[in-house]
Amino acid sequence: MRPRPALGSPLQILLLACSFALAGYAGVRLFAGDWQAVALWLVGAALLHDLVLLPLYAVADRAVVRALGAAGRRQRTMYVRVPAALSGLLLLVWFPLITGMVDRPYRSATGLSADGFLARWLLISAVLFAGSALLLALRGLRLRRAAKRRRPVVH
Amino acid sequence: MRDDDPRLPSSPGFWRSPLRGPWFTSVLGVVLLVGVTVLFVTGLVSYAAYNPDLARVNDQTPDKGILGFYLFAWPTDPYWLYRLTQGLHVTLGITLIPVLLAKLWSVVPRLFALPPACSLAHALERISLLLLVGGGLFEFTTGVLNVQLDYVFPGSFYPLHFYGAWVFFAAFVAHAALKLPTAVRSLRRRREEHGAHGERVSRAPEPGELVSPRPLPPTVSRRGALWFVGGASLLLLVTTAGQSIGGVLRRTALLAPHGGADPGGGPNGFQINKTAAYAGIDAAETGEEAWRLVVTGRTGTVRLSRAQLLRMPLHSSALPIACVEGWSTQDQWWRGVRLRDLAALVGYDDPPDLFVESLQRRGAFRRAALRANQVADPRSLLALYVNGEELSPDHGHPARIIVPAAPGVLNTKWVARLTFGAL
């Protein structure tokens, strides 16, 4: 006898059915225009994030950890990870302005110059990396001082 | 067994981060539960602020059906209402991006888990997760692109973002209802492990599917990782919020579209949504000789030159411009003719709804409707001056509407025609 497929929690099924019904009601309207393009964006957003963006930054992160580990500096990972991730995050959010791809509409809509976003992002990134380097240097200095204090004085 | 081959993402052993676990995911989930709810509510509020049920020209989603069940007449008090709700919507949305990314990272092993479904309920839940993740990323992406004027999405922003929000929120509510008990349990468990003074009482390994069976040695604690996510949110907040607060803080919004400098200087040197050039305004139509304001009402039609308008009683009000894109200006000092005085001119002592038409050649809101309560407010003006000087072409010369608490696009610039009582 083949096992019957399990049903699972009836409450969960009801809840999800209700959710699908509402999503369907809105979805019919969402897809009323160019439905193929909208579906591509909706599903594409999930796939692009889960199968491209996340693996990319995860692999990059693991490479950094491994490289620092090989140099015996594994515990310093955050000093590289934090500024790199913050800089990348700002680029991810503001890339249309930073790359200048919306220069013309931006200029004609706002009356403002679209120059400067790239420069500002680069300067913020520079400050982030410099700040991290400074903290790392201070930590090194403190550790060295503490080690010196602990070392017995030899005459 | 094939499933346990750690080279495959379907195997729990493939995922090595020591950070993943129910506590980490639960903290991020609770932040998103609160944050996304605020985003959804302020989004619905923004739709209501357009008064879409007043006239077709105000409604970008006329097929909404019951999704507009909550609509109400948008008030004019407090006059900074839309500035607050929409500034909150956009700024909070941008601030939550790191939390969203961290949350998705923390649960990604589940995406690859096999078997794909172990029951009907589980299968439905996984389909719902596609709507949740796809819908959520869709909402954040369209929002972030729209505020940067990068209109690459397939269709008009309004229906995509509005209907997309309902699809996302339907999945979001189901997900929250299904997962909240687990989240509360894992947060409570963690608190019990820590004594009253924060010291660790027991150190039993955290149970749960998200915990890696063969974790790498940590490079940061879970608490440290949360600080990292919070810091990323803080960075986005401080480089964005200034575009909604204005004044000297605008300079701190380093990467936000309406941060940094104000356009030009002097009395007209405040943020612009659409320039005269963009709107296709010809200087020949707005000159003293050419321009006439056509006012229609119960008693017929009146044509007024700017000089005639200036002979009417002029009033002042200090009101901000607040855009759907989330940026706003501080209060500007407007001076002009009260809308209700113009209504009285054409036979309405009790002001009715108003249909406003602009000289603007293109743009969704070159025509807009204002509700009677907005027309009747003594601060609602057909403004001719701002901050003591004539309006500049980019701010709507020769005359523009300014209404307390109304979204920026309803403050029509380059006004040509006012029709009272008939929308």
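## A salt bridge in chain A

The side chains of Arg81(A) and Asp61(A) come together in a salt bridge, with 2.7 Å from N to O. This pair links distant parts of the chain, since Arg81(A) belongs to helix H3 (residues 77-98) of chain A and Asp61(A) to helix H2 (residues 35-70) of chain A, 20 residues apart. The model in which this pair is found is a predicted one, and the values given in this report should be read with that in mind.

Are the two partners buried or exposed? Arg81(A) counts as buried because its relative accessibility is 15%, and the limit for a buried residue is under 20%. Asp61(A), with a relative accessible area of 25%, is partly exposed.

## Further charged pairs

Side chains of opposite charge can pair when their charged atoms come close. Over all chains, a search of the whole structure finds 13 salt bridges. One of the other pairs in chain A joins Arg107(A) to Asp115(A), and here the closest N and O atoms are 3.6 Å apart. Arg107(A) is partly exposed, at 38% relative accessibility. Arg107(A) and Asp115(A) also belong, together with Asp103(A), to a network of salt bridges.

In chain B, a salt bridge forms between the side chains of Glu390(B) and Arg306(B), with 3.6 Å from N to O. Glu390(B) lies in strand E8 (residues 389-390) of chain B, while Arg306(B) lies in helix H10 (residues 306-310) of chain B, so the pair ties together parts that are 84 residues apart in sequence. With regard to accessibility, Glu390(B) is partly exposed at 38%, whereas Arg306(B) is buried at 4%.

## Chain B as a whole

Chain B contains twelve helices and ten strands, and its C-alpha trace spans about 85 × 45 × 40 Å along its principal axes. Of the 423 residues in chain B, 57% are buried. When contacts in chain B between residues at least 6 apart in sequence are considered, 69% of them join residues at least 24 apart.

## Where the two chains meet

The size of an interface is often given as the accessible area lost when the parts come together. Between chain A and chain B the buried area is about 6000 Å², of which carbon and sulfur atoms give 77%. Which three residues supply more than any other three of the area that chain A buries against chain B? They are Phe20(A), Trp41(A) and Trp94(A), which supply 12% of that area.

The contact involves 62 residues from chain A and 79 residues from chain B. How many salt bridges are counted between chain A and chain B? The count is zero.

## Cis peptide bonds and positive phi angles

Most residues other than glycine have a negative phi, and most peptide bonds are trans. The peptide bond from Asp77(B) to Pro78(B) is cis, with omega near -10°, and Pro78(B) is found in the loop between helix H1 (22-49) and helix H2 (81-95) of chain B. A cis peptide bond also joins Leu114(B) and Pro115(B), where omega is about -5°; the loop that holds Pro115(B) runs between helix H3 (97-111) and helix H4 (120-147) of chain B.

Ala405(B), although it is not a glycine, has a positive phi of about 70°. Ala405(B) sits in the loop between strand E9 (400-402) and strand E10 (415-420) of chain B, and at 4% relative accessibility Ala405(B) is buried. The loop between E9 and E10 of chain B also holds Trp414(B). Trp414(B) has a phi near 50°, which is a positive value in a residue other than glycine, and Trp414(B) counts as buried because its relative accessibility is 1%.

Conventions: Residues are numbered from 1 along each chain as its sequence is written. Chains are lettered from A and ligands numbered from 1 in the order in which they are written. This is a predicted model: local features need pLDDT of at least 70, side-chain atom pairs count only at pLDDT 80 or more; totals for chains, interfaces and linings use all residues. Side-chain values use heavy atoms; hydrogens and water are left out. Helices (H or I, at least four residues) and strands (E, at least two) are DSSP runs, numbered from the N terminus. Buried means under 20% relative accessible area, exposed over 50%, partly exposed in between (1.4 Å probe, protein chains only). Contact means heavy atoms within 4.5 Å. Buried area is the accessible area (1.4 Å probe) that two parts lose on being put together, summed over both. A salt bridge is a side-chain nitrogen of Lys or Arg within 4 Å of a carboxyl oxygen of Asp or Glu.
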